[in-house]
Amino acid sequence: MPLDAAAIGRACGGRLETGDQLCGRELDRVRAAMATGAPVTVSCTLKAPLFDEVAHECGAADRIAYANIRESAGWSREAGAAGPKMAALLAAAAEPMPPVPVVGVESRGVVLVYGRDEAAVAAGERLAGHLDVTVLLTRPGAVEPPRQAEFPVLKGSVAAASGHLGAFSLRIDDYALPTPSSRQRLVFGPGRDGATSTCDLVVDLSGGTPLFPAHALRSGYLRADPGDPAAVERALFEASHLVGTFDKTRFVDFHAALCAHSRSRITGCTRCLEVCPTGAIAPAGDHVAIDPHVCAGCGSCAAVCPTGAAAYAVPPADALMRRLRTLLSAYRRAGGRDPVLLVHDGGHGAPLVDALARHGDGLPANVLPVPVNEVTQVGPEAVAAAFAYGAVAVRFLVRARPRHDIASLRRNADRLETIVQALGYGPEAGGDVVSVIETDDADALAQALAAGSRGTPAPAPAGFMPDGDARSVLRFAFRELHRAAPRPADAVPLDPGAPFGGLEFRTEACTLCLACVGACPTTALSDDAERPRLSFSESLCVQCGLCAATCPEDVITLAPRLDFAAWAAPRRVLKEEEPFDCVACGTPFGTRSTIERVIGRLRDRHWMFAGSAGASRIRALMMCETCRVTHVVAEGFDPHAPDQRRTRTTEDYLRERG
């Protein structure tokens, strides 16, 4: 493949070394580079294990990075023009990433084999030498009794299941033990419902409905078709190796204080609950809880979370955006034009790109692959930043039959398409610049990339450095997207359910009770300690709906949109009134309209506030809390006590005698 060393050196900086066999006879040159103490980027992943070994010997294990410029750039029909892409890939690979957080998981090797017939018993016999085995047969037919009872063989059907590798809990109905006198077939005693079984692993050979949603993503749950010997063999092999202590990636960093799920038992945002494929997320009071042991790392929750409470950690949003910034700026410095980002994962997308390079025309020179852990982890902030940095299109590559629902990815893609088109990033001839490619075929990928539209790049691409929490990064990315837009628009209407928007507010009906302020989880709505005032900051609103659901006067309506002018403006005062000054000390409290309305309704309409005693009680309503207490004690009356001078009735005498 051709190598444009000049373009790479110009864009990447530092010292550039080339060779024919840096992994062979020129390996000492790699050792010398690692011995300098500087970071080293290797432009080939074929011999990564060898380079890792050398880096460990040289004490450079934390200073080495890899970029695949062969399958991703050099092996292409357009390899002659791929110099800027190679430079971009090398520069992006050198961008430091934070360490991956983990949680510990322990499996002691207690396994439940769940099946229907002799296949489950045979699987138990295979595993008995490695694991502590129990076989559970659901509605078994004629099953020949084993010659020796090496492990329990029980009858029962799993009615409910929860847990993960090292901590499964199963509720079993029709649970029964076999009789020792079983001769030609296993005969079981009377069954009972509601039995509980705990285990570290579950090997499911029942052929029935999976015990868990998105079962392929549940660690420790191994399911195989009992009629497929190869699948059964793979499941047994994997089960035999799941004993010991493991480090499981903690994919999501969750901040409960930012969660907008509910307030005062009123449900607000449920976006993460709706998209989680594994059931790892559950309500937990005012917020949700994410079980890191069950979470499979799809990242959908982080991509749809409007507040940043659920933030993806592999890598965090700001780290991914810094890599995009480096990728696109290096590509531009090296002379590249019209960059298209191809976002893909390692398990599906990387092999597809490799196949296209080895057996097809390879990726076009302007298509920059962006590998991520899961495509569904990419949120709107990253796409907005990509266009602000100069990209002309973003493509998401997913499986033809995804392992979990990608509806949230499609919604995000459609929403971002609406936004960037409104800002002039789309082509004048029409066509999507943010899209999802669903294929398992390399040739189909090539056709989709060739046929895809390319939009208008930012006239002056942004160069901002993202930093901070997910919501702060998102707000900054959208401001820069608007600033760099070819045709800026003040506001873009969005679909219902979008996490950005404002409030339609019926000011005349608001009583300034401020219940909405107490319900708002993001402080988009706020009050003022000095005077009765309700203010709103649109950039903080996540359209959770808690304010509208809490408002007793029903004056709030959600308005999904992206209003760049409102995002840049200071807090907007929605309603303000004159305070009512305490008649005793002059301290302002409440609103004048509210106090006067209350007094007007009570004066001469309620016996407690009539006559000379009523006047004193009316005066108490016109005082602040402190003065009101002093006034009540000094006057020696209880404002809530009945008037003793009113006409006594038979009920009064009976109540006193009773």
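Exposed means over 50% relative accessible area, and buried means under 20%. The legends below describe close-up views of a predicted model.

**View 1. Arg265, an exposed residue with a positive phi.** Arg265 has a relative accessibility of 87%, so it counts as exposed. The residue lies in the loop between β13 (262-263) and β14 (266-267). Its phi is positive, about 65 degrees, although Arg265 is not a glycine. Most residues other than glycine have a negative phi.

**View 2. Ala214, a second residue with a positive phi.** Here phi is about 45 degrees, and again the residue is not a glycine. Ala214 sits in the loop between β9 (201-204) and β10 (221-223). Is Ala214 buried, partly exposed or exposed? With a relative accessible area of 21%, Ala214 is partly exposed.

**View 3. The cis peptide bond between Val314 and Pro315.** Omega of this bond is about -5 degrees. Pro315 belongs to the loop between β17 (310-312) and α10 (317-333). Most peptide bonds are trans.

**View 4. An open sheet of 4 parallel strands.** The strand order is β19-β18-β20-β21. Which strands stand at the edges? They are β19 (367-372) and β21 (434-438). Each has a single partner strand, so one side of each is left without a neighbour in the sheet. Neighbouring strands are turned by 25 degrees against each other on average, direction ignored. Helix α14 (residues 442-451) packs on this sheet. The helix touches β18, β19, β20 and β21. Its direction makes about 160 degrees with that of β21.

**View 5. The pairing of β18 with β20.** Strand β18 covers residues 340-345, and strand β20 covers residues 393-398. The two run parallel and are joined by 4 bridges. Strands of a sheet pair through backbone hydrogen bonds.

**View 6. Strand β4, largely enclosed by the rest of the structure.** How many of the 6 residues of β4 (residues 110-115) are buried? The count is 5, so the strand is largely enclosed. Strand β5 (residues 132-137) runs parallel to β4, and 6 bridges join the two. Leu112 has Thr134 as its bridge partner in β5.

**View 7. Helix α6 against helix α7.** Helix α6 spans residues 118-127, and helix α7 spans residues 229-240. They pack at an angle of about 35 degrees, with their axes 10 Å apart. The crossing is right-handed. From α6 come Ala123, Arg126 and Leu127. They meet Glu233, Leu236, Ala239 and Ser240 in α7. By class, the contact has 4 nonpolar, 1 polar and 2 charged residues.

**View 8. Helix α12 against helix α13.** Helix α12 takes in residues 380-389, and helix α13 takes in residues 407-422. The packing angle is about 35 degrees, and the axes are 10 Å apart. α12 passes α13 in a right-handed crossing. Pro380, Val383, Ala384 and Phe387 are the contact residues of α12. Asn412, Leu416 and Val420 are those of α13. Which classes make up this contact? There are 6 nonpolar residues, 1 polar residue and no charged residues.

**View 9. Cys547 and its surroundings.** Cys547 is found in helix α17 (residues 546-550). At 8% relative accessibility, this cysteine counts as buried. Leaving aside residues up to four places away in sequence, Cys547 touches Leu503, Cys516, Leu525 and Ile556. Cys516 is 31 residues from Cys547 in sequence. In space the two are 4.5 Å apart, C-alpha to C-alpha.

**View 10. Cysteines in a structure with 0 disulfides.** How far from Cys269 is the nearest cysteine sulfur? That sulfur belongs to Cys272 and is 6.2 Å away. Cys269 is buried, with a relative accessible area of 11%. Cys199 is buried too, with a relative accessible area of 6%.

Methods: Residues numbered from 1 in each chain as written. Predicted model: local features only at pLDDT ≥ 70, side-chain atom pairs only at ≥ 80, totals over all residues. Heavy atoms only, no water. Disulfide = S-S within 2.5 Å. Buried < 20%, exposed > 50% of the residue type's maximum accessible area, 1.4 Å probe, protein only. Pairing = 2+ DSSP bridges. Axes fitted to C-alpha atoms, helices over the stretch in contact; angles between N-to-C directions. Contact = heavy atoms within 4.5 Å. Left-handed = near helix turned anticlockwise from the far one by under 90°. Nonpolar A, V, L, I, M, F, W, Y, C, P; charged D, E, K, R; others polar.
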